[in-house]
Amino acid sequence: MKTVLSAIIVSVVAFLSMTGASWAQRKAEPGTFDYYVLSLSWSPTHCAKNQGDADPDQCGVERKFGFIVHGLWPQYSNGGYPATCTRDRTVPRAVVDATMPVMPSVGLIVHQWTKHGTCSGLPVTDYFAQVRKAFAKVKIPEALQSPKSDLSIPATQVERLFVQANPGLEPESVALVCSKRDVAEVRLCLNKDLSFMPCGAKVVDRCRRDALLTATP
């Protein structure tokens, strides 16, 4: 009896695994997604957090970036996202050079293409053109355009400043992510045509009440 029961359990587990795998493959087809998340990384927080292991193109002594593009991520409305939809890791040098002003790390550019861009359904050149277009669409609030030594703004005010600076952007389209007490990312939700839209499930604020955006976390 135990042998029969064990065989049944093994068969059910195998069936569920196969079903789950086929569902994942179906959901991870390039171009099959609902909207984008444009993730803007606050460079001072990233560089301070990764001291000794940070990309010098972004975090070198002479590099004083504020918000840069972390990624443009295809998303599902009900939560989750497709990832690594193909094995392609090739980003042409011309695309890298064109993208470095807004995403100043070759390693980050290649990683974002491999994990997220391959799921966009776009060729690599068009995907990074979309990245640059999305970044150009967003106006960085004047107070946050460059890191200053005396900068210290509550996370709630950071969101408010982005909403005020961008007509059509509502609070429901913005999510802040923090590293402990430091604002690390501002995430904006965009339709495929790059117009602002409310964020889907699980794209939410992840900051403590006392979180701040500073230039020297």
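**View 1. Helix α5 passes helix α6 in a right-handed crossing.** In this predicted model, a crossing is called right-handed if the near helix is turned clockwise from the far one by less than a right angle, and left-handed if anticlockwise. The contact, meaning heavy atoms within 4.5 Å, is made by I109, Q112 and W113 of α5 and by V124, Y127 and F128 of α6. The axes of α5 and α6 come within 11 Å and cross at roughly 110°, which makes α5 roughly perpendicular to α6. Axes are lines fitted to C-alpha atoms, for helices over the stretch in contact, with angles from 0 to 180 degrees between N-to-C directions; angles of 65 to 115 degrees count as roughly perpendicular, under 35 as roughly parallel, over 145 as roughly antiparallel and the rest as oblique.

**View 2. Helix α6 spans residues 124-137.** Helices (H or I, at least four residues) and strands (E, at least two) are DSSP runs numbered from the N terminus. With 14 residues, α6 reaches 20 Å from its first C-alpha to its last, close to the 20 Å expected at 1.5 Å a residue, where the expected span is 1.5 Å times one less than the number of residues. The buried residues of α6 are V124, Y127, F128, Q130, V131, A134 and F135. They cover an arc of only 145° around the axis, which puts them on the same side of α6; the arc is that of the directions from the helix axis to the C-beta atoms. Buried means under 20% relative accessible area, exposed over 50% and partly exposed in between, with a 1.4 Å probe and protein chains only. The face of α6 turned away from its buried side carries the exposed residues K133 and A136, while the cover over the buried residues includes β1 (35-42), β2 (67-75), α4 (93-99), α5 (106-115) and β5 (182-190).

**View 3. Residue S39 has its place in strand β1.** S39 counts as buried because its relative accessibility is 0%. Leaving aside neighbours within four places in sequence, S39 is in contact with I68, V69, H70, G71, W73, E185, V186 and R187.

**View 4. Helix α7 (residues 155-165) has A155, V158, E159, L161 and F162 buried.** These residues cover an arc of only 160° around the axis, which puts them on the same side of α7. On the other side of α7, T156 and Q164 are exposed. The buried residues of α7 pack against β1, β2, β3 (152-154), β4 (174-179), β5 and β6 (212-214).

**Notes.** Residues are numbered from 1 along each chain as its sequence is written, and side-chain values use heavy atoms, with hydrogens and water left out. Because the model is predicted, local features need pLDDT of at least 70 and side-chain atom pairs count only at pLDDT 80 or more, whereas totals for chains, interfaces and linings use all residues.
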